[in-house]
There are 2 protein chains.
Amino acid sequence: MAIIECVPNVSEGRRPEVVEAIVRAVAETPGIHLLDWSSDASHNRSVITLAGDAAPLNAAVLTLFERSLAAIDLRQHRGEHPRLGAVDVVPFVPIEGATMDDCVQLARATAHDVVSRFGIPVYLYEEAASTPARRNLEDIRRGEFEGLAAKMAQPDWRPDFGPATPHPSGGASVIGARMPLIAYNINLDTDRLEVAKKIAAAIRFSSGGLRFVKAMGIALDGRRIVQVSMNLTNHEKTPVFRVFEIVKREAARYGVAVLESEIVGLVPSAALLAAAQWYLQLDGFTADQVLEHRLRTTAGTP
Amino acid sequence: MAIIECVPNVSEGRRPEVVEAIVRAVAETPGIHLLDWSSDASHNRSVITLAGDAAPLNAAVLTLFERSLAAIDLRQHRGEHPRLGAVDVVPFVPIEGATMDDCVQLARATAHDVVSRFGIPVYLYEEAASTPARRNLEDIRRGEFEGLAAKMAQPDWRPDFGPATPHPSGGASVIGARMPLIAYNINLDTDRLEVAKKIAAAIRFSSGGLRFVKAMGIALDGRRIVQVSMNLTNHEKTPVFRVFEIVKREAARYGVAVLESEIVGLVPSAALLAAAQWYLQLDGFTADQVLEHRLRTTAGTP
């Protein structure tokens, strides 16, 4: 069995009973594990983390659309977070026994099913994008729900699946495939914000750093220290340990020590096993040697 | 569901058809995962690695005894490895969601069932031992099958369960609970065997080193380098990263670099996650943040 993660974002974060009903219906899909979910009232948005094989996830996402479209009307929706649709974005993430290609296929198949069942237009993004201009979610979402009709009228912004007019209450949805995202922060033993900002600039892609790092320097006022706050968007190509070592080295240049680092939320075990392997100089090691991995990949008798 | 590992050693390694039949019968126990098995002809011995919850493992071990006692006669058994019984040793190992205490209980319950079904005497060892003198397998096994009747006649060596006379063909069995054992080697960039021997002496418990390390220095003749070859018997209390760092530091004292390290066979993910956490200075991290761990501990809908 493959493990694919799916992290749908739904445009409702203020009516707990509505969100709970949606989450419950989705989690009841056979073969689905509900790993996490949370709502943000100021964003008026909820994030659900599911895992399972391709077929159960496809079924779960269709249930998610059915329930969300019935319960959410974007014409009434206000919140701080940009959004395009009732089901705003649905990324599929390969974890184990599934490739990025499998997730791209799953995104396309799910987009097709969503259009044929609910008639809502769908854009494909990131690894599933049909053109480079549609890789970034921010570009697709620019103009938001309120600007969607005008945007879709442009030849460049016809949706990948479905009609070129927004669903009246549900807008449009963005479905795609991406690597797991790791929220990773490193705390520095100084209150000099400019040090964190300089290190963030050194490490992040946009200003010349590592390709799959987004970073900013922030002050943790309560503790009178600063933090390099990061998103790692491809831990296979830009591994956690390399980010840590470079930040530590850059901090040393300012005479500053690393106090500690932290991972916020979930992390695939492969990202941490890679760190253990690198630091321990482990050679010839395969994931198959990890007892729990072997357990998942050997069939248990029913 | 708890994950307990069980690594029975059976005194048969020269008749593949016999071993395969035993392994197949054991692996067919409902709820059992067969993780690995291998036979050694010169030892005339096979090692089977199983995983599952307590009740399935108890059932699997009873099947193992039934099949092994029917197929193996220690009176005819010759091999390089010391042994006391047809089923020589059965350790239960806590991996996840089970404590050492759970494994001790499981060892005692299984010993009880084995005696009442097969009438074979059982010693308890390591964490399940009834007295400190019975913790070490080597002490229990001293004298082997051939000396068993005389040994059992001594008041100090009455078995923990069952009759004080050996089973005619099956001898006696040793059942217990222990931590996972990690076979861990570090290769050094030198052909000076005395360097590996000195480092092994520095790191191992028996000559003043870390409590849960057994170590020796050996030459890897094919590569003209040397190796510190180790067994780590409690990775929670003597973690892999500390062993690695001390060996690296000791090697530096002789002007020698670490080429690489290796883990032979299976390792619990916790041992490597601990290394990642230590090197990355990860604070406030819990196993629950590892996606695959979360997946195992959230009920999937059937």
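## The second largest pocket

In chain A, seven stretches each put at least two residues into the lining of the second largest pocket: the strands β3 (33–40), β4 (45–52), β5 (87–96), β6 (122–126), β8 (182–188) and β9 (213–220), plus helix α4 (137–141). Keep in mind that you're looking at a predicted model.

## How the two chains relate

Now for the pair of chains. Turn chain A by 180°, with a shift of 0.0 Å along the axis, and it lands on chain B with an RMSD of 0.0 Å. That's the relation of a two-fold axis.

Which residue of chain A comes closest to the rotation axis? It's Ala276(A), with its C-alpha at 2.3 Å. Both copies use the same surface for their contact, as 100% of the contact residues of chain A turn up again in chain B.

## Two helices packing in chain B

Two packed helices are described by the angle between their axes and the distance between the axes. For helix α7 (residues 240–253) and helix α8 (residues 269–279) of chain B, the angle is about 60° and the axes are 8 Å apart. An angle between 35 and 65 degrees counts as oblique, so α7(B) and α8(B) are oblique to each other.

Who's doing the touching? On the α7(B) side, the contact is made by Val240(B), Phe241(B), Phe244(B) and Glu245(B). Facing them from α8(B) are Ala271(B), Ala274(B), Ala275(B), Trp278(B) and Tyr279(B). By class, that contact has 8 nonpolar residues, 1 charged residue and no polar ones.

Note on methods:
Residues numbered from 1 in each chain as written. Chains lettered and ligands numbered in written order. Predicted model: local features only at pLDDT ≥ 70, side-chain atom pairs only at ≥ 80, totals over all residues. Heavy atoms only, no water. Axes fitted to C-alpha atoms, helices over the stretch in contact; angles between N-to-C directions. Helix = DSSP H or I, 4+ residues; strand = E, 2+ residues; numbered from the N terminus. Parallel < 35°, antiparallel > 145°, perpendicular 65-115°, else oblique. Contact = heavy atoms within 4.5 Å. Nonpolar A, V, L, I, M, F, W, Y, C, P; charged D, E, K, R; others polar. Least-squares fit on C-alpha atoms with pLDDT ≥ 70 in both.
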